[in-house]
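Please read it alongside the coordinates.

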Amino acid sequence: MTKLLEVEGLAKNFGGLQVSADISMTLNAGDRCALIGPNGAGKTTFVNLVTGVIPPSAGTIRLAGRDITRLPAAERVRLGLIRSFQVARLFKSMTVREHLELAVLQRDRRTFRLFASVGKVAGLADEVAGLLDTMGLTQAAHTAVGSLAYGQQRLLEIALALAMKPKVLILDEPAAGVPHSESQRILDAIDRLPEDLAVLMIEHDMDLVFRFARTIVVLAQGRLLCSGTAKEIVADPRVREVYLGSRADAR
Amino acid sequence: MTSVAERPDPMSDPVSRHTPPAARRDLGWIGIPLVAAVGLAAYWLLPDDLALLTRIAASALFVLSLDLVLGYGGIATLGQAAMFGTGAYAAGIVAVNWINDPFAMLAAGGIAGGGIALATGALILHARGLTLLMLTIAVGQIVQEVANKARDWTGGSDGLSGIDPAPVLGLFRFDMFGRTSYLFALAVLVAGLLVARRIMRSPFGLACRGVREDPLRISAIGGSPKSYLVALYAVAGVFAGVAGALTAVTSGIVGLDSAGFPWSAEALVMLVLGGTGRLYGAVIGTAAFMGIHHILAASDPFHWMGFIGLFLIGIVLFLPGGIASGLERLGGLLRRKEDRA
């Protein structure tokens with residue numbers, strides 16, 4: 001198996017406040033991993049560290065064997081480390097189709113063509129049509145995102161990430177804001193992602209986590225608590241204590 | 001998590017939400033032929049006002065350059081005249097000293113305008129908002145002051161005169177009635193509109209729209225917002241430089257006010273009047289502003305600016321998208337009636 005993402009001893013301090021400490025994990029090709037943990041466990045900080053939004057205080061991050069610890073965020077994206085956003089972050093006045101066209105053109109670095117017509121770029125229309133089809137967005141292709149239903153915006157987020165041809169895809173609460181009854185459509189879309197991709201999903205909803213993940217990593221108070229298969233995690237008393245248990249008690 | 005109010009009926013009914021490509025594009029399609037047709041009609045209907053019409057055409061090209069920067073890139077600027085003035089002086093200096101072919105003058109203006117935009121844009125475009133606004137004003141002041149000091153080349157505060165362009169294509173002389181001037185300016189404007197439209201429908205134009213809406217999201221898909229903005233600023237600089245050169249060709253004189261702050265600000269007023277982000281909105285705004293100016297200044301030379309002010313307030317309050325958005329709404333209403341019939 002090819003190791004796509006290797007994180008070693010990752011840590012982040014804000015002044016004296018330690019928000020992440022000594023996190024190590026590995027994602028292989030084809031992994032479907034969920035990152036869980038109670039509120040304030042440092043999940044978002046971890047994503048920001050890995051994607052290069054904030055620099056780590058210590059540790060290394062390797063993408064497909066290459067050290068990317070000091071690379072800027074946009075450069076990591078070009079190397080295939082792609083994330084989707086927790087709150088759909090899209091270009092409101094642009095249509096669904098234009099989003100995907102822009103993402104594909106950007107990936108191929110063809111955005112500095114001043115006199116080409118977007119409609120005539122070779123292969124673009126077919127690839128965009130394929131992406132629309134995969135995500136079930138074909139009918140909404142010409143809708144401006146500002147007037148798109150929220151669930152479809154979430155699907156478009158995933159489609160955008162997919163358009164970048166990722167090696168590692170980080171989905172930050174892909175079903176956030178979507179009612180429980182509709183989350184299956186998001187999961188279906190995630191199921192259609194290419195098999196050789198490593199997918200890391202940050203998620204609160206345990207139901208979604210168990211339906212998606214083959215392996216689970218648990219964060220608590222900025223540290224890696226444990227990792228393993230879904231069954232092992234459920235059985236682990238420490239996890240029950242910090243996360244599942246406290247939630248069950250709350251109910 | 002977002003608030004509940006922000007997510008009504010998720011996933012529901014994608015078909016009824018599907019609307020045909022935005023109505024504004026329909027008018028965009030007829031916009032440029034319309035400019036050409038109205039421009040030619042004006043040539044026959046208003047033969048005594050050709051000087052004014054020529055100024056409108058050249059100014060519209062300048063306002064168009066501002067629309068590229070502001071309407072498509074979201075760059076707030078009050079220094080667009082720096083590129084206009086540089087282009088005008090470059091064309092004038094080339095004509096006086098070396099070659100007076102009108103197309104060569106336009107090329108000189110475009111290169112100079114694009115060059116100065118590229119150089120200053122790379123320096124200032126990391127800033128946003130008010131800081132950027134101040135920096136653009138500063139660039140304009142510097143260009144104006146350089147032109148003022150370089151008397152030997154620019155004529156300083158007396159202006160650069162003695163520009164005598166050769167006949168267009170060696171065939172059409174610039175006559176004293178301004179016929180050639182006007183038709184030349186109109187042709188350059190229409191060509192500019194076509195090129196601008198082409199660029200804004202290119203992959204580059206798409207990326208620029210993305211930068212305007214959310215620069216961080218562009219970074220998240222691997223793009224560099226600043227390089228798009230600098231490139232767009234340079235492209236718009238070429239347009240502004242050509243517009244300046246066009247003014248030099250058709251008026252035969254270049255003054256310090258061509259790079260001045262008031263000219264940048266006036267262009268902004270014209271663009272907002274006409275409507276941003278549409279290209280032809282720049283033409284409508286320029287024609288409305290300068291037309292009203294012309295009529296009111298003749299009948300009431302002391303208060304015309306007051307009327308322009310009232311007009312602007314009215315537009316901003318009741319038609320926030322400018323005159324062009326009003327026309328689009330009108331077009332949308334007519335289409336709906338046709339659909340019903």
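In this predicted model, A:Arg214 is partly exposed, with a relative accessible area of 47%. The side chain of A:Arg214 meets that of A:Glu195 in a salt bridge, 3.7 Å from N to O. The two residues lie 19 residues apart and link distant parts of the chain.

**Salt bridges within the chains**

- A:Glu195 sits in the loop between helix H6 (183-191) and strand S8 (198-202) of chain A, while A:Arg214 sits in the loop between helix H7 (206-212) and strand S9 (215-220) of chain A.
- A:Arg110 pairs with A:Asp108 in a salt bridge whose closest N and O atoms are 3.2 Å apart.
- A:Asp108 counts as partly exposed, at 31% relative accessibility.
- In chain B, B:Arg151 and B:Asp158 form a salt bridge with their closest N and O atoms 3.0 Å apart.
- B:Arg151 is partly exposed at 42% relative accessible area, whereas B:Asp158 is exposed at 58%.
- A:Arg107, A:Asp108, A:Arg110 and A:Glu127 are joined into one network by salt bridges that share partners.
- Over all chains, the structure holds 17 salt bridges.

**Interface of chain B and chain A**

- Contacts involve 42 residues of chain B and 47 residues of chain A.
- The two chains bury about 4000 Å² between them, and 61% of this area is on carbon and sulfur atoms.
- The rule finds 3 salt bridges across this interface.
- A salt bridge joins the side chains of A:Glu98 and B:Arg209, at 3.1 Å from N to O.
- On the side of chain B that touches chain A, the elements giving two or more residues are helices H1 (14-17), H8 (179-200), H9 (203-213), H10 (215-220) and H11 (225-251) of chain B.
- H9(B) gives the most to that side, with 8 residues.
- By class, that side of chain B has 19 nonpolar, 11 polar and 12 charged residues.

**Cysteines**

- The count of disulfides over all chains is 0.
- The closest cysteine sulfur to that of A:Cys33 is in A:Cys226, and at 11 Å it is too far for a bond.
- For A:Cys226, the closest cysteine sulfur is in turn that of A:Cys33.
- A:Cys33 counts as buried at 2% relative accessibility, and A:Cys226 is buried with a relative accessible area of 9%.

Technical notes:
Residues are numbered from 1 along each chain as its sequence is written. Chains are lettered from A and ligands numbered from 1 in the order in which they are written. This is a predicted model: local features need pLDDT of at least 70, side-chain atom pairs count only at pLDDT 80 or more; totals for chains, interfaces and linings use all residues. Side-chain values use heavy atoms; hydrogens and water are left out. Contact means heavy atoms within 4.5 Å. Buried area is the accessible area (1.4 Å probe) that two parts lose on being put together, summed over both. A salt bridge is a side-chain nitrogen of Lys or Arg within 4 Å of a carboxyl oxygen of Asp or Glu. Helices (H or I, at least four residues) and strands (E, at least two) are DSSP runs, numbered from the N terminus. Ala, Val, Leu, Ile, Met, Phe, Trp, Tyr, Cys and Pro count as nonpolar, Asp, Glu, Lys and Arg as charged, and the others, Gly among them, as polar. A disulfide is a pair of cysteine sulfur atoms within 2.5 Å. Buried means under 20% relative accessible area, exposed over 50%, partly exposed in between (1.4 Å probe, protein chains only).
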